[in-house]
Amino acid sequence: MVYWDIRPSESFPTVKIRVSDVPATAEEAALLATLIRATVATGLRSIERGEAAPPIPAEVLRAAYWNAAQSGLDGDGLDPFEGRVVPHRELLDKLVGHIEPALRDFGDRPFVAQAIAALDERGNGARRQIQAMRERHEIGDVVTELAHATLEGCA
């Protein structure tokens with residue numbers, strides 16, 4: 001159960017973000033961290049300009065979480081700003097476009113483009129686990145996929 005999504009730390013000058021799933025590879029974890037950092041930086045810039053965040057009802061966010069957990073990056077989800085169902089991949093592109101100035105400032109735009117292209121090509125961890133299970137219906141194949149993903153990029 002996710003009780004909060006994002007909040008300032010009570011002890012440090014940082015922002016705490018709840019992540020409901022763990023990326024399968026180091027590159028996917030770095031991509032998530034990079035997107036979060038740029039999103040927070042974008043939000044801080046909006047606050048400095050006096051811009052209010054658009055109101056999104058809590059039930060819409062809960063529904064979006066549930067949907068994302070069920071369908072992953074390959075599925076469709078609700079665009080909370082436009083109120084229409086679109087592919088999650090389109091929502092990711094919209095996020096990247098919104099936070100692009102921060103990505104450029106941090107020098108992260110090339111990495112984000114490359115990491116998202118890699119996700120498009122090979123699929124995220126959920127897709128790869130599902131594919132591993134569908135091939136022979138052996139849970140051991142899923143564990144092997146996760147082990148390979150964990151070691152990906154290691155010498």
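Q: What does R109 form a salt bridge with?
A: R109 pairs with E100, and their closest N and O atoms are 3.2 Å apart. A salt bridge here is a side-chain nitrogen of Lys or Arg within 4 Å of a carboxyl oxygen of Asp or Glu. This is a predicted model: local features need pLDDT of at least 70, side-chain atom pairs count only at pLDDT 80 or more, and totals for chains, interfaces and linings use all residues. Residues are numbered from 1 along each chain as its sequence is written, and side-chain values use heavy atoms, with hydrogens and water left out.

Q: Is R109 buried, exposed or partly exposed?
A: Partly exposed, because its relative accessible area is 24%. E100 is also partly exposed, at 23%. The classes are: buried under 20% relative accessible area, exposed over 50%, partly exposed in between (1.4 Å probe, protein chains only).

Q: How many salt bridges by this rule?
A: The count comes to 17. One of them joins the side chains of E27 and R122, at 3.3 Å from N to O. E27 lies in helix α1 and R122 in helix α4, so this pair ties together parts 95 residues apart in sequence. Helices (H or I, at least four residues) and strands (E, at least two) are DSSP runs, numbered from the N terminus.

Q: And R128, which side chain does it meet in a salt bridge?
A: E145, at 3.1 Å from N to O. That pair links distant parts of the chain, with E145 in helix α6 and R128 in helix α5, 17 residues apart. R128 is buried, with a relative accessible area of 9%. E145 is partly exposed, at 22%.

Q: Which residues are linked in a network of salt bridges?
A: E27, E28, R122, R128 and E145.

Q: What sits in the loop between α5 and α6?
A: H137 has its place there, between α5 (125–136) and α6 (139–151). Its phi is near 60°, a positive value in a residue other than glycine. H137 counts as exposed, because its relative accessibility is 59%.

Q: Now the loop between α3 and α4. Is D108 buried or exposed?
A: D108, which has its place in that loop, counts as buried at 12% relative accessibility. Not counting residues up to four places away in sequence, D108 touches T34, R37 and L103.

Q: On to the largest nonpolar core. Which members touch the most others?
A: L31, L35, V96, L103, V112 and I116, out of 13 residues. Such a core is a set of buried Ala, Val, Leu, Ile, Met, Phe, Trp, Tyr and Cys residues joined through side-chain atoms within 4.5 Å.

Q: Which helix gives the most to this core?
A: α3, with five residues. α1 (26–48), α3 (88–106) and α4 (109–122) each supply at least two.

Q: What is L31 in contact with?
A: F111, V112, A115, I116 and L119, leaving aside neighbours within four places in sequence.

Q: Strands next. How do β3 and β4 pair?
A: In the antiparallel sense, over four bridges. β3 is residues 76–79 and β4 is residues 84–87. Two strands pair if DSSP finds at least two bridges between them. D76 stands opposite P87 in β4.

Q: What's in the turn?
A: The two strands form a hairpin with four residues between them, and G83 in the turn has a positive phi of about 70°.

Q: Zooming out, what pattern does the chain follow?
A: Along the sequence the pattern is β-β-α-α-β-β-α-α-α-α. That comes to six helices and four strands. The C-alpha trace spans about 55 × 35 × 30 Å along its principal axes.

Q: What share of the residues is buried?
A: Of the 155 residues, 24% count as buried.

Methods. Contact = heavy atoms within 4.5 Å.
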